[in-house]
Amino acid sequence: MDFSWTEEDELLRETVRRYATERLAGDYARWESEPFPRERVVELGDLGVLGMLIPAEFGGSGGRHVSLGVAAEEIGRADFNVTSFLQLAAISSGLLALGSDEIRKEWLPGVASGEQVVAFALTEPGVGSDAARLSVTARRDGGDLVLSGEKASCTFAGLADACVVFARTGGPGAAGISMVLVPLDRPGVTRQVYDSVGGKLVQRGSLFFDGVRVPASNQLGEEGSGFVGAMKSFDFNRAIIALGCVGTAQQSLDETVAYTKERTTFGKPLARHEGVAFPIAEHLALLHATRLVAYEALARADAGLGHTMEGAMAKWLGPKQAVEAIHSCLLFHGWTGYGNDLPYAQRHRDIVGFEIGDGTAEIMKAIIARDTFGREFAAYK
Ligand SMILES: Cc1cc2nc3c(=O)[nH]c(=O)nc-3n(C[C@H](O)[C@H](O)[C@H](O)COP(=O)(O)OP(=O)(O)OC[C@H]3O[C@@H](n4cnc5c(N)ncnc54)[C@H](O)[C@@H]3O)c2cc1C
């Protein structure tokens, strides 16, 4: 499998790194307490990282998943939370592309430019890992669909302009789920933003639908295709998440390597104590392996090959390796690492969320096991 970077990818890496260093890194802690300005989302659009999977006719660059991974890795070096804009733009544009001509024309250019933020609402208070059992309904009424129920834990609940809602339009199970685009300014929509441990920038929260009407033409894809649509989005996005995590952890390790060469204890630099250098070496090796499997998943997506297993491997490894590496970085900075003047505690809190979001570690292992042993050996359906 060839997943080398093209010249354009290298140029993209340089451009995004420059933007992330100059424009994002210095404000990372600021968005813990202030809302991320919408102009900054438009800046991401101008940078070209929101329309990477959107065809040129709709304002995107029609690029490759691998290039999106490069962008996520570089943004992750500066502000992991900002990678959520890349993730949601990529996921939502893939789902909006399944909609009518009108939907595509109305929404895709705005997603590419950053003027429209579209959220993804699958989880509910009663279902997460077992999302096929969801209970939010979209009932047909004449030419409309009428949505009722609560979607939980949605990234961008507090700021999105619209949302792809996974709702029950048919019978029980996965086959009864469809995708519906719901503009969030519709009567009957309310929002509640959670007090999250980290990732405050993304305003994660619940979306409530109380008899919300949208035209039936807002259904994306065939009736009953919602569950498959969600799973296909997860397959590549899990690798994007992993690369965001790798970027954040790599940045933390780069800083820690520099610090441990300077700081001395017992008459020599920390880096010359194997108790310090060896764990750093282990983190570097494990992160490198994670990076490779993530790019392999994305290269397979670009080649039109299955990448469910590679995506699940990357998503299990990415947040786990990053959380462990950042924890070490915090500790190797001693008492200063435990202060909020340094970014390690925030990075740790922000990434822990993705040990849950987009599928937990246990679910990633269940996918890897299912694809290895065969569906008949799956621990659960
Ligand atoms: C930062 C963040 C962002 C998110 N963004 C979104 C979003 O934008 N849109 C959206 O729809 N959702 C989003 N979510 C929700 C997320 O996808 C769910 O939280 C996740 O799928 C897990 O579901 P749950 O929280 O209900 O946990 P549960 O399914 O209740 O699981 C609880 C625990 O039990 C374990 N478990 C469950 N079943 C099994 C099993 N069969 N075997 C072994 N262990 C098991 C899980 O691994 C977990 O540790 C986000 C969550 C977070 C934290």
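Tutor: With how the angle is taken. Axes are lines fitted to C-alpha atoms, for helices over the stretch in contact, and angles run from 0 to 180 degrees between N-to-C directions. Keep in mind that this is a predicted model.

Student: What describes a pair of packed helices?

Tutor: Two packed helices are described by the angle between their axes and the distance between the axes. Take helix α4 (residues 83-96) and helix α6 (residues 226-262): they pack at an angle of about 160°, and their axes are 10 Å apart.

Student: Are α4 and α6 roughly parallel or roughly antiparallel to each other?

Tutor: Angles over 145 degrees count as roughly antiparallel. α4 and α6 are therefore roughly antiparallel. Their crossing is right-handed.

Student: Which residues of α4 and α6 meet?

Tutor: From α4 come T83, L86, Q87, A90, I91, G94 and L95; from α6 come G229, S233, N237, I240, I241 and G244. By class, this contact has 6 nonpolar, 7 polar and no charged residues.

Student: How do α4 and α5 cross?

Tutor: Apply the angle and the distance again. The axes of α4 and helix α5 (residues 101-113) come within 10 Å and cross at roughly 165°. The two helices are therefore roughly antiparallel to each other. Here the crossing is left-handed. On the α4 side, A89, S92, S93 and L96 make the contact; on the α5 side, I103, R104, W107, L108 and V111 do. The classes are 6 nonpolar, 2 polar and 1 charged.

Student: At what angle do α3 and α7 pack?

Tutor: About 150°, for α3 and helix α7 (residues 274-302), with axes 7 Å apart. α3 contributes H65, V66 and G69 to the contact, and α7 contributes A294, Y295, L298, A299, A301 and D302. These divide into 6 nonpolar, 2 polar and 1 charged.

Student: Now the domains. Into which domains is the chain divided?

Tutor: Domain 1 covers 7-116, domain 2 covers 119-224 and domain 3 covers 227-374. The centres of domain 1 and domain 3, taken over C-alpha atoms, are 21 Å apart.

Student: How many residues of domain 1 and domain 3 are in contact?

Tutor: The size of an interface is often given as the accessible area lost when the parts come together. Here we use residue counts: 24 residues of domain 1 touch 27 residues of domain 3. On the domain 1 side, α3 (65-78) and α4 are the elements that give two or more residues. α3 gives the most, with 10 residues. That side has 12 nonpolar, 7 polar and 5 charged residues.

Student: Last, the ligand. How many residues surround the ligand, and which are the closest?

Tutor: There are 21 residues around the ligand, and the closest are G128, S129, G353, G357 and T360. By class, the shell has 8 nonpolar, 10 polar and 3 charged residues.

Student: Which elements and domains supply the shell around the ligand?

Tutor: β1 (118-121), β3 (144-154) and α11 (361-373) each supply at least two residues of the shell. Domain 2 and domain 3 each give at least three residues to the shell.

Key: Residues are numbered from 1 along each chain as its sequence is written. This is a predicted model: local features need pLDDT of at least 70, side-chain atom pairs count only at pLDDT 80 or more; totals for chains, interfaces and linings use all residues. A residue is near a molecule or strand if its C-beta atom, placed from the backbone, lies within 6 Å of it. Helices (H or I, at least four residues) and strands (E, at least two) are DSSP runs, numbered from the N terminus. Ala, Val, Leu, Ile, Met, Phe, Trp, Tyr, Cys and Pro count as nonpolar, Asp, Glu, Lys and Arg as charged, and the others, Gly among them, as polar. Domain bounds come from an automatic or database domain assignment. Angles under 35 degrees count as roughly parallel, over 145 as roughly antiparallel, 65 to 115 as roughly perpendicular and the rest as oblique. A crossing is left-handed if the near helix is turned anticlockwise from the far one by less than a right angle, and right-handed if clockwise. Two residues are in contact if their C-beta atoms, placed from the backbone, lie within 7 Å.
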